[in-house]
Amino acid sequence: MEMEEIGEQNRLYGYIEEKGDRESCQRNEAIMSTLPVDDLWPPLERHMFGWAPYDTQVTKRYSRVIHFAASLTEVEWDLRLWIDKFEVLLRCLHWERAVVQLETFYLGEHTFTWHPKAAWRPQPPCYGHLDQTTEWWDFESSMDLKELAQLRSV
């Protein structure tokens with residue numbers, strides 16, 4: 001018997017372009033490995049992410065891509081909460097650029113992009129809610145920022 005889906009499926013995917021040497025990439029891997037396996041909603045889990053070893057044919061030295069993807073039911077209503085979690089992760093990593101693509105039934109397709117400020121270094125603590133993202137990076141969104149702010153269930 002086939003299980004009935006409740007709600008609409010959304011796709012959330014993208015990448016984080018790393019910035020740094022082997023040591024920075026190893027540090028990023030260590031941070032990524034601490035992500036929860038079974039996170040609270042909306043999930044930002046270890047199983048969503050993948051990356052190639054640092055110095056292989058499919059990675060450019062000093063610039064590797066961490067990719068991620070998830071198929072989630074109706075995540076758009078908690079999108080701002082998911083982005084909050086993603087930004088906490090970005091705050092901990094060495095990176096050059098991050099891009100999130102969102103495909104939803106109700107809100108359509110949107111792109112979110114982060115570029116760190118010029119003198120970026122990981123900023124501890126690597127947990128909690130970030131109120132002012134512009135302090136750490138520039139953020140671009142194809143969605144109106146007021147609309148995005150309203151997509152938080154809390």
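## Ground rules

Residues are numbered from 1 along each chain as its sequence is written, and the side-chain values use heavy atoms, with hydrogens and water left out. Since we're looking at a predicted model, local features need pLDDT of at least 70 and side-chain atom pairs count only at pLDDT 80 or more, while totals for chains, interfaces and linings use all residues.

## The overall picture

The protein comes to three helices and six strands. Both kinds of element are DSSP runs numbered from the N terminus: helices are H or I with at least four residues, strands are E with at least two. Read from the N terminus, the order is β-α-β-β-α-β-β-β-α.

Of the 154 residues, 44% count as buried. Buried here is under 20% relative accessible area, exposed is over 50%, and partly exposed is in between (1.4 Å probe, protein chains only). The protein exposes about 9,000 Å², and carbon and sulfur atoms supply 51% of that; the areas come from the Shrake-Rupley method with a 1.4 Å probe, and for residues only the protein chains shown count as cover. As for contacts (heavy atoms within 4.5 Å), take those with a separation of 6 or more: residues 24 or more positions apart account for 69% of them.

## The sheet

All six strands go into an open, antiparallel sheet, ordered β2-β3-β1-β4-β5-β6. Two strands pair if DSSP finds at least two bridges between them. At the edges sit β2 (49-51) and β6 (137-141), each pairing on one side only. From one strand to the next, the twist averages 15 degrees. Angles run from 0 to 180 degrees between N-to-C directions, with axes fitted as lines to C-alpha atoms, for helices over the stretch in contact.

Helix α1 (residues 22-33) lies across β1, β2 and β3 (65-73), and runs at about 155 degrees to β2.

## Around β4

Strand β4 (residues 95-104) is joined to β1 (residues 9-18) by eight bridges, the two running antiparallel. Along this pairing, tyrosine 13 stands opposite glutamine 101, and isoleucine 16 has alanine 98 as its bridge partner. The C-alpha atoms of isoleucine 16 and alanine 98 are separated by 4.3 Å, though the two residues are 82 apart along the chain. With β5 (108-116), β4 pairs over seven bridges, again in the antiparallel sense. β4 and β5 form a hairpin with three residues between them.

Alanine 98 counts as buried because its relative accessibility is 0%. Leaving out residues up to four places away in sequence, alanine 98 touches Tyr15, Ile16, Phe86, Leu90, Phe112, Thr113 and Trp114. Of these, threonine 113 belongs to β5 and is buried too, at 11% relative accessible area.

## A nonpolar patch

Trp77, Phe105 and Tyr106 make up a nonpolar surface patch with about 360 Å² of accessible area together. Patch residues have over 30% relative accessible area and no salt bridge; like charges are joined within 9 Å, nonpolar side chains (Val, Leu, Ile, Met, Phe, Trp, Tyr) within 5 Å. Tyrosine 106, in the loop between β4 and β5, is partly exposed at 45%.

## Salt bridges

There are six salt bridges, each being a side-chain nitrogen of Lys or Arg within 4 Å of a carboxyl oxygen of Asp or Glu. Lysine 85 meets aspartate 39 at 2.9 Å, N to O. That pair links distant parts of the chain, with lysine 85 in helix α2 (residues 79-92) and aspartate 39 in the loop between α1 and β2, 46 residues apart. Lysine 85 itself is partly exposed, at 24%.

Arginine 80 and glutamate 87 form another, with their closest N and O atoms 2.9 Å apart. Both ends are out of the way: arginine 80 is buried at 10%, and glutamate 87 is buried at 0%. Lysine 117 also meets aspartate 138, at 3.0 Å, N to O. Lysine 117 lies in the loop between β5 and β6 and aspartate 138 in β6, so this bridge ties together parts 21 residues apart in sequence. Lysine 117 is partly exposed at 33%, as is aspartate 138 at 39%. Finally, salt bridges that share partners join Glu18, Glu29 and Arg64 into one network.
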